Amino acid sequence: MTATAGRARGKAAVTTSALMSIISRVVPGVGRVHAQVLPFAQAWREANAAALVLEGPLWVALGDSMTQGIGAAGISGGWVGQLAAQLPAMRLVNLSVTGARVHDVLTDQLPRMRDLGVRPDLITVLIGANDMLTRGRRVPAVGQFAALLDAIGDYDAAWIRYDAT
């Protein structure tokens, strides 16, 4: 990385941090939700490590903050945690990342799933909300989502495709 690129990235981080500080003071709950990002990610890393040493069918969850459970009281309160409680025989590895977009699932989460060395029995994906924020993100997301579904279809795992159209 060049020095100029590093300074630009640093300025973007400072700007984002300052913006979050302002929004947190104006919009109730934003600060609390933002404060969950790192602790939830750490909790999932620990839960994932524990699940990988166990035996049994494997469920891999891919996605964004909704899949992380951001906004709930803890990781067990989000949709993944609640569904996991209903599937006690399954091991769960949650590879989601807050802020992820469809491209991130394709280029980061799917390769991490492949690197697990275990074929999942169930794959869930909840992604796309962060792609809808601007037109520049929406347009490429359509093709990326089709590629994501094709990539997931290559796995001999249970998955459900929901098409809202």
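This is a predicted model: local features need pLDDT of at least 70, side-chain atom pairs count only at pLDDT 80 or more; totals for chains, interfaces and linings use all residues.
Contact here means heavy atoms within 4.5 Å.

**A buried aspartate**

Asp131 sits in the loop that links β3 (122-126) to α7. Leaving aside residues up to four places away in sequence, Asp131 touches Arg101, Val102, Arg137, Arg138 and Ala141. Is Asp131 buried or exposed? Its relative accessible area is 1%, and anything under 20% counts as buried, so Asp131 is buried. The side chain of Asp131 also reaches the backbone nitrogen of Val102, at 2.9 Å.

**The overall layout**

Stepping back, the protein has seven helices and three strands. Along the sequence they come in the pattern α-α-α-β-α-α-β-α-β-α. The protein has 165 residues, and 29% of them count as buried. Take the contacts between residues at least 6 apart in sequence: 76% of these join residues at least 24 apart.

**The sheet**

The three strands make an open sheet in the order β2-β1-β3, and the pairing is parallel. β2 (91-94) and β3 are the edge strands, each pairing on one side only. On average, neighbouring strands of this sheet are turned by 20° against each other, direction ignored. Between β1 and β2, the parallel pairing runs over four bridges, and Leu58 stands opposite Arg91 in β2. As for the helices, α6 lies across β1 and β3, and it runs at about 165° to β1.

Which residues have the most contacts inside the largest nonpolar core? They are Val60, Leu62, Leu110, Met113 and Leu148, in a core of 17 residues. β1, α6 (102-115) and α7 (135-153) each supply at least two residues of this core. The largest share comes from α6, with four residues.

Leu62 is worth a look for its neighbours. Not counting residues up to four places away in sequence, Leu62 touches Thr67, Leu95, Ser96, Val105, Gln109, Leu110, Met113, Ile123, Thr124, Val125 and Leu126.

**The tryptophan pair**

A search of the whole structure finds one aromatic pair, and it is formed by Trp59 and Trp79. The two rings are 6.4 Å apart, centre to centre, with 45° between the planes, which makes the pair tilted.

What does the pair tie together? Trp59 lies in strand β1 (residues 58-63) and Trp79 in helix α5 (residues 79-86), so the pair links parts that are 20 residues apart in sequence.

| Residue | Relative accessible area | Class |
|---|---|---|
| Trp59 | 1% | buried |
| Trp79 | 28% | partly exposed |
| Asp131 | 1% | buried |

Why does Trp79 count as partly exposed? Its relative accessibility is 28%, and the class covers values between 20% and 50%, so that is where Trp79 falls. Trp59, at 1%, is buried.

Methods. Residues are numbered from 1 along each chain as its sequence is written. Side-chain values use heavy atoms; hydrogens and water are left out. Rings of Phe, Tyr and Trp (its six-membered ring) pair if their centres lie within 6.5 Å; planes under 30 degrees apart count as stacked, over 60 as edge-to-face and the rest as tilted. Buried means under 20% relative accessible area, exposed over 50%, partly exposed in between (1.4 Å probe, protein chains only). A nonpolar core is a set of buried Ala, Val, Leu, Ile, Met, Phe, Trp, Tyr and Cys residues joined through side-chain atoms within 4.5 Å. A polar contact is a pair of N or O atoms within 3.5 Å; within protein, one must be able to donate a hydrogen and the other to accept it, and residues adjacent in sequence count only if both atoms are side-chain atoms. Two strands pair if DSSP finds at least two bridges between them. Axes are lines fitted to C-alpha atoms, for helices over the stretch in contact, and angles run from 0 to 180 degrees between N-to-C directions.
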